[in-house]
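Good morning, and thank you for coming. Please look at the sequence and the structure as I bring them up, and keep them in view while I speak.

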Amino acid sequence: RESDRRAWTPVSYTVTRQNATVQGLIEGKAYFFRIAAENLIGMGPFTETTKEIVIRDPITVPDRPEDLEVKAVTKNSVTLTWNPPKYNGGSDITMYVLESRLIGKDKFHKVTKEKMLDRKYTVEGLKEGDTYEYRVSACNIVGQGKPSFCTKPITCKDEIAPPTLDLDFRDKLIVRVGEAFSLTGRYSGKPAPKVTWLKDDCVLKQDDRIKIQTTPTTLCLGVLKSVREDTGKYCVTVENSTGSRKGFCQVNVVDRPSPPVGPVIFDEVYKDHMVVSWKPPLDDGGSEITNYIIEKKDTHKDLWMPVTSASVKTTCKVPKLLEGREYQIRIYAENLYGISDPLISDEMKAKDRFRVPDAPEQPIIKDVTKDSAVVVWNKPYDGGKPITNYIVEKKETMATRWVRVTKDPIFPGTKFKVPDLLEGCEYEFRVSAENEIGVGDPSPPSKPIFARDPIAKPSPPVNPEAVDKTKNSVDLSWQPPRHDGNGKIIGYLIEYQKVGDEEWKKANLTADSCPETKYKVTGLTEGLTYKFRVKAANAAGESDPAHVPDPVEVKDRLEPPELILDANMAREQHVKAGDTLRLSAVIKGVPFPKVTWKKEDHEVSPKADIEVTGVGSKLEIRNTVHEDGGMYSLTVENPAGSKTVSVKVVVLDKPGPPRNLKVSDVRCDSCYLTWMEPEDDGGSVITNYVVERKDVASAQWVAISSSSKKRSHMAKYLIEGTQYQFRVAAENQFGRGPYVETLKPIKAIDPLHPPGPPKNLHHVDVDKTEVSLAWNRPDRDGGAEITGYLVEYQEDGADEWTKFQTVPMLDCVVTGL
């Protein structure tokens with residue numbers, strides 16, 4: 001029963017052991033218990049507990065505390081924290097005991113003296129450099145529990161941690177002028193870091209607008225009433241002895257732009273419109289200029305009229321003006337954040353203010369020839385409008401009328417080559433400039449000039465040389481002079497001198513007789529040696545002479561023949577029948593060699609066309625036939641020697657007929673054909689033979705083989721008794737050659753043999769002058785029907801047999817004996 005109640009509550013009626021477990025009790029309440037024994041007769045008296053029993057778990061010492069950690073270390077102190085035990089032993093914790101052990105010693109010593117229930121403790125008064133380990137125990141009403149696990153060895157020294165930085169702002173920040181902004185963040189580090197703020201790499205200092213606030217863990221930069229100059233790159237640096245960290249923010253303080261930059265320039269002014277231009281604002285307010293607003297005002301009125309409010313260019317056409325009125329222009333710049341103050345122009349009257357160009361200065365004349373001259377001038381003032389054309393005029397000095405030298409525009413160059421002058425005439429030139437307003441005054445006339453070529457003597461010819469010679473002539477060649485003296489080269493004078501003489505003789509009397517850069521000097525004496533020189537001539541005279549380097553001995557030049565073969569003169573030349581055969585070669589030699597073509601050491605066929613030129617020879621045979629094949633040779637010969645080349649020509653054609661066609665082993669249904677290859681294979685390998693047969697009674701040939709490569713064939717499937725003809729042709733890649741036929745028809749029958757002897761010859765009757773005979777048919781008939789039996793007799797003792805007669809039957813009566 002509960003101690004504060006009178007009623008008992010049964011726990012169990014059937015306990016046979018001497019113990020029992022009472023369940024369903026309430027923790028913290030006090031109970032009394034009683035027990036009675038029972039047998040068959042009945043229940044005995046109860047025995048009661050002497051005092052009340054309070055229900056609670058049994059109390060033990062607490063478990064070990066958990067998570068003992070070192071929170072801070074300096075050179076003379078250590079700060080530790082821990083968590084309570086998982087189980088307090090059934091009784092509240094009354095205090096914690098913290099112990100330490102100097103590394104190298106055996107015993108732990110109590111650090112805390114008073115009762116301590118806090119789970120954080122700073123051990124002070126330690127010696128710098130010493131190393132300790134710590135443990136902590138929990139105590140309850142029963143006593144002190146197990147100590148916690150030891151910390152790692154801790155050396156007393158100031159703790160170091162690199163700076164950290166956690167910013168509350170992004171990389172970019174846009175702020176309107178007049179607004180405040182702040183840059184904040186958090187930082188840490190050991191030892192405590194130094195915080196520095198910079199703007200555009202310059203250190204920021206606190207003033208009336210700029211506020212800098214730093215705590216041990218937070219930092220803040222505040223700017224009040226921002227201005228455009230606050231735009232820049234801001235940087236915060238957190239630095240201690242272990243390192244530094246930086247944070248950046250690009251702050252853009254935006255505003256409406258400043259006014260456009262003046263003055264307003266009037267680029268063009270007309271009676272009804274103007275074109276004005278200006279420069280962009282010096283300060284765009286930190287945002288791109290999106291628009292210019294242009295307005296105009298008649299100075300006699302106070303009203304500003306819009307021109308355009310949608311222009312991004314710094315130039316604008318102002319239309320709809322009244323001629324003679326004065327106007328002012330004002331211009332605003334606009335960005336995302338507003339419109340600037342205006343730029344106002346000076347007053348400008350609406351009227352045309354341009355004129356024709358001024359007259360150019362006196363022109364200069366250069367590079368005069370007999371029919372042209374180059375006129376050069378300087379650009380004059382353009383009258384306010386760009387020059388679009390120059391007009392060049394000419395006149396003969398004694399004439400009065402000026403004439404334009406061309407109808408085509410002359411621009412933008414300030415020089416012009418005037419063509420079509422008359423040689424020998426004296427000319428003056430003048431120039432006028434033209435713009436869209438009109439043509440300006442002409443320049444003063446140039447100094448007079450005569451139209452004629454400025455001519456000097458030419459330079460000598462270049463590289464004269466003797467390129468050929470005979471027994472009485474020398475061929476010379478050279479190149480034109482490098483300078484013709486500005487006059488046309490009329491021709492060349494050639495002179496020669498016999499070695500040993502002083503006098504030079506002319507090979508030609510006038511320069512125009514040798515207009516080309518070569519000449520054949522004739523009439524020389526064989527065997528003598530000569531020097532040669534050449535002069536060039538123009539209208540101004542003759543050039544200095546150019547000498548042939550070495551003296552030349554006059555005699556025939558001998559060079560042995562040389563053959564340069566064309567591709568068709570390879571060792572073997574194949575040509576298809578019917579095509580054209582071409583053989584050619586380049587021939588060299590001095591004197592030019594004699595050319596001879598031969599085939600197999602004989603004259604070539606009359607159908608061959610042979611052509612000999614000064615540089616080579618060509619043989620050509622059209623519509624070639626097989627007989628045109630063979631070994632062709634080309635011989636070239638002169639006094640210095642000879643040379644021969646040969647080429648084998650193969651005319652590719654159909655093969656000739658096979659040879660020796662024979663038929664053997666004739667049977668009633670087959671025969672065997674053999675032949676020999678053609679004498680002429682057409683220049684190509686025989687690929688196959690075609691075999692055909694024909695019944696003599698038919699006009700139609702029938703192919704019995706068309707792909708055989710052998711020179712024999714078994715003709716099968718003949719009809720017995722029928723007469724056949726056979727023919728064979730050879731084929732190569734160029735076609736089928738002619739057929740060869742059997743000489744006479746072949747009859748399809750088995751071969752005949754004499755029959756065998758009759759069998760069983762015997763007499764059946766005998767008379768005095770005659771004998772009756774009988775016999776049987778022979779075993780073999782020899783391949784043909786037996787037509788009769790020849791009966792012969794012989795007198796006994798005689799040598800010869802006497803023929804009696806031939807009978808068709810198997811019996812006979814021999815008479816006349």
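Predicted model: local features only at pLDDT ≥ 70, side-chain atom pairs only at ≥ 80, totals over all residues.

**Notes on loops, cysteines and pockets**

Pro-191 lies in the loop between strand S14, residues 181-190, and strand S15, residues 194-199.

The peptide bond that joins Lys-190 to Pro-191 is cis, with an omega of about -10°. A cis bond also runs from Gly-262 to Pro-263, and there omega is near 0°. Pro-263 lies in a strand, namely S21, which covers residues 261-269.

I turn now to the backbone angle phi. Asp-420 is not a glycine, yet its phi is positive, near 60°. Its place is the loop that links strand S34 (415-418) with strand S35 (426-434). Is Asp-420 buried or exposed? Asp-420 has a relative accessible area of 64%, so it counts as exposed, the cut-off being over 50%.

Asp-665 likewise has a positive phi, of about 55°, without being a glycine. You will find Asp-665 in the loop between strand S55 (659-664) and strand S56 (671-676). Its relative accessible area is 41%, and therefore Asp-665 is classed as partly exposed.

Another aspartate, Asp-298, is found in strand S23, which spans residues 291-298. With a relative accessible area of 7%, Asp-298 is buried. Which side chain does that of Asp-298 meet in a polar contact of 2.6 Å? The partner is the side chain of Arg-325. If we leave aside neighbours within four places in sequence, Asp-298 is in contact with Arg-325, Glu-326 and Tyr-327.

Next, the cysteines. How many disulfides does the count give? The count comes to zero. Take Cys-156 as an example: the closest cysteine sulfur belongs to Cys-150 and is 16 Å away, which is too far for a bond, because a disulfide requires two cysteine sulfur atoms within 2.5 Å. Cys-156 is also buried, at 1% relative accessibility. Cys-668 is in no disulfide either, since the nearest cysteine sulfur, in Cys-671, lies 11 Å away. The relative accessible area of Cys-668 is 19%, so this residue counts as buried, the limit being under 20%.

The largest pocket has a volume of about 1100 Å³. It is lined by 30 residues, and those closest to its centre are Pro-10, Val-11, Ser-12, Arg-34 and Ile-35. Strand S2 (34-38) and strand S3 (43-48) are the elements that give two or more residues to this lining. Of the elements, S2 gives the most, with five residues. Sorted by class, the lining of the largest pocket holds 17 nonpolar, seven polar and six charged residues.

The second largest pocket contains about 400 Å³ of space. Its lining has 19 residues, and nearest its centre lie Pro-758, Leu-761, Leu-790, Val-791 and Glu-792. Here the elements giving two or more residues are strand S65 (771-776) and strand S66 (789-793). Which element supplies the largest share of the lining of the second largest pocket? That element is S66, with five residues. By class, the lining of the second largest pocket divides into 16 nonpolar residues, two polar and one charged.

Methods
Residues numbered from 1 in each chain as written. Heavy atoms only, no water. 1 Å grid on protein atoms, 1.4 Å probe; cavity = no way out; pocket = protein on both sides within 12 Å on 5 of 7 lines; lining within 4 Å. Points joined across faces, edges and corners; volume = space filled by probe spheres on them. Helix = DSSP H or I, 4+ residues; strand = E, 2+ residues; numbered from the N terminus. Nonpolar A, V, L, I, M, F, W, Y, C, P; charged D, E, K, R; others polar. Buried < 20%, exposed > 50% of the residue type's maximum accessible area, 1.4 Å probe, protein only. Polar contact = N/O pair within 3.5 Å; in protein donor to acceptor, adjacent residues only side chain to side chain. Contact = heavy atoms within 4.5 Å.
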